[in-house]
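The entries follow in the order I made them.

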Amino acid sequence: MAMMTHAAWLLLIPASFTVGWLAGRRGGEIKTGTRVSRLSNTYFRGLNYLLNEQQDKAIEIFLQIAEVDKDTVETQFALGHLFRRRGEVDRAIRLHQNLVARNGLSEEQKTRAVLALGEDYMRAGLLDRAETLFTDLVQMGVHAPQALRQLIAIYQFERDWHKAIEHALRYEQTSGEPMSKVIAHFHCELADQARLENRPDQAREQIGLAYAADSHCVRAGAIEGRLELAEGNDAAAIRAFERVARHDIEFLPEILAALLGCYERRGENARARGFLLEMIEHYSGVAPMLALAQLIQRDEGIEAAQAFIAKQLQQRPSLRGESALIDLSLENPANDPSESLRTLKQITDQLVVRTHSYRCQRCGFGARAHHWQCPSCKQWGTIKPLHSAAGD
Ligand SMILES: [Zn+2]
């Protein structure tokens with residue numbers, strides 16, 4: 001019997017591990033008594049169904065086991081788990097409710113049943129009931145990390161960000177898992193809410209709390225920038241937007257237009273140029289380069305802008321950059337066509353060399369030379385010539 005109890009636990013363990021364990025254990029069981037052997041045969045049949053994703057048959061078998069051996073709580077747990085996994089939440093709820101109400105269970109088994117029942121309620125969308133159970137568990141100090149994780153999910157769903165923050169902090173304390181990035185997002189939710197409801201002071205307070213939780217929170221900077229922009233505080237908006245791009249340059253396109261507007265209104269031309277130069281260094285796209293070209297064209301004329309883009313494109317050729325250069329050449333009345341063509345030819349040659357001519361059709365790996373075996377996904381014959389802009 002003890003073996004049964006032990007084995008039922010396997011249901012909660014990933015299949016790959018179970019199979020190995022099974023192979024190791026099978027030989028040893030033959031010596032045990034006939035009942036155990038019969039039961040374990042039944043049990044392993046059930047396990048096989050389970051591993052083959054034949055959950056209907058697995059449930060049938062485990063119901064039989066539960067019938068033969070009514071005391072085996074672990075079999076009940078296994079069944080409840082199966083019911084829930086199969087989407088039969090009502091059955092799981094009934095089973096776990098019975099376990100919770102049953103006499104003679106250890107404290108550990110009882111609280112585990114409460115946890116499982118709470119998870120059933122979550123699945124059924126009965127969030128109020130789930131919240132009550134998980135809150136009880138947290139107060140008792142058992143299964144606290146799991147219960148807190150579920151509570152955080154509930155409060156996120158209900159958009160109760162204050163409670164979400166409170167429970168995320170407690171989760172961080174009990175589990176040791178850092179939650180500061182998530183907590184910063186919860187503060188950002190509150191900040192955005194306050195911003196949209198015209199409560200700028202509360203919005204600023206939440207932005208400050210988001211930064212306190214995660215000093216690199218990009219979203220806090222974006223909300224702050226938008227808030228200050230709407231309030232007409234261009235200087236503060238500039239600080240916020242610049243901070244966003246410096247914390248995560250991939251968000252540059254999100255804030256660039258608004259930021260350029262702020263520089264313009266404040267006449268901060270030198271600062272704008274300095275910032276764009278800094279971004280060109282680190283950003284892989286062409287957006288800051290094109291923005292700077294526009295400033296150069298405005299301040300120094302079209303020739304200077306053309307020269308700037310041409311120089312940039314020698315270092316980092318791009319089709320969009322080339323297109324902008326062609327626009328300027330067409331726009332410039334004093335343009336020397338053969339000079340322009342020479343520059344464009346140089347850049348285009350570079351583009352052709354740099355562009356991948358082959359691509360793996362399975363994993364998307366790009367290569368300049370052909371490989372019969374993909375260096376990335378190791379498949380044979382999946383790399384084929386590309387017919388792209390630079391292909392032939
Ligand atoms: Zn591949």
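**Entry 1: Val100 and its contacts**

I listed the contacts of Val100, leaving out residues up to four places away in sequence, and found Lys110, Ala113, Val114 and Leu117. I note here that this is a predicted model. Val100 sits in helix H6, residues 89–101. I then took one of those contacts, Leu117, and checked the spacing. Val100 and Leu117 are 17 residues apart in sequence, and their C-alpha atoms are 8.5 Å apart in space.

**Entry 2: Helix H17**

I moved on to helix H17, which runs over residues 287–300 and has 14 residues. From first C-alpha to last, H17 reaches 20 Å. That is close to the 20 Å expected at 1.5 Å a residue. Which residues of H17 are buried? I found Pro288, Met289, Leu290, Ala291, Leu292, Ala293, Leu295 and Ile296. I looked for what covers these buried residues. The cover includes helix H15 (252–266) and helix H16 (269–282). It also includes helix H18 (302–315) and helix H19 (319–331). Just after H17, I read a positive phi of about 100 degrees at Gly301.

**Entry 3: Salt bridges**

I ran the salt-bridge search next. Side chains of opposite charge can pair when their charged atoms come close. How many salt bridges are there? My count comes to 26 salt bridges.

I started with Asp120 and Arg84, whose closest N and O atoms are 2.6 Å apart. Asp120 lies in helix H7 (residues 107–124) and Arg84 in helix H5 (residues 73–85), so this pair ties together parts that are 36 residues apart in sequence. I checked accessibility for both partners. Asp120 is buried at a relative accessible area of 0%. Arg84 also counts as buried, with 12% relative accessibility.

I then opened the pair Arg204 and Glu228. Their side chains meet in a salt bridge at 2.9 Å, N to O. Arg204 belongs to helix H12 (residues 200–213) and Glu228 to helix H13 (residues 218–230), so parts 24 residues apart in sequence are tied together. Arg204 is partly exposed, with a relative accessible area of 30%. Glu228 is buried, with 5%.

I went back to H17 for another pair. Glu264 forms a salt bridge with Arg298, and the closest N and O atoms are 3.3 Å apart. Glu264 is in helix H15 and Arg298 in helix H17, so the bridge ties together parts 34 residues apart in sequence. H15 is also among the helices that cover the buried residues of H17. Glu264 is exposed, with a relative accessible area of 54%. Arg298 counts as partly exposed at 45% relative accessibility.

I also noted a network of salt bridges. It links Glu242, Arg246, Arg266, Glu268, Arg271 and Glu278.

**Entry 4: Zinc site**

Which atoms coordinate the zinc ion? I found the SG atoms of Cys360, Cys363, Cys374 and Cys377, at 2.3 Å. I checked the geometry. The angles among the 4 donor atoms run from 105 to 113 degrees, and the site is tetrahedral. For reference, the ideal angle for four tetrahedral donors is 109.5 degrees. I wrote down the sequence spacing of the donor residues as C-x2-C-x10-C-x2-C. Cys363 lies in the loop between strand E1 (358–360) and strand E2 (366–367), and Cys374 in the loop between E2 and strand E3 (383–385), so the pair ties together parts that are 11 residues apart in sequence. I compared accessibility across this pair. Cys363 is partly exposed, with a relative accessible area of 37%. Cys374 counts as buried at 0%.

**Entry 5: Aromatic pairs**

The structure holds 2 aromatic pairs. I opened the pair of Tyr263 and Phe275. Their ring centres are 6.2 Å apart and their planes stand at 50 degrees, so I logged the pair as tilted. Tyr263 is in helix H15 and Phe275 in helix H16, 12 residues apart, and the pair links distant parts of the chain. Phe275 is buried, with a relative accessible area of 2%.

Terms used. Residues numbered from 1 in each chain as written. Predicted model: local features only at pLDDT ≥ 70, side-chain atom pairs only at ≥ 80, totals over all residues. Heavy atoms only, no water. Helix = DSSP H or I, 4+ residues; strand = E, 2+ residues; numbered from the N terminus. Expected span 1.5 Å × (residues − 1). Buried < 20%, exposed > 50% of the residue type's maximum accessible area, 1.4 Å probe, protein only. Contact = heavy atoms within 4.5 Å. Salt bridge = Lys/Arg side-chain N within 4 Å of Asp/Glu carboxyl O. Donors = N, O, S within 2.8 Å, 3.2 Å for Na, K, Ca; no water. Tetrahedral: all angles 85-135°; square planar, octahedral: opposite > 155°, others 65-115°. Phe/Tyr/Trp six-rings, centres within 6.5 Å; stacked < 30°, edge-to-face > 60°.
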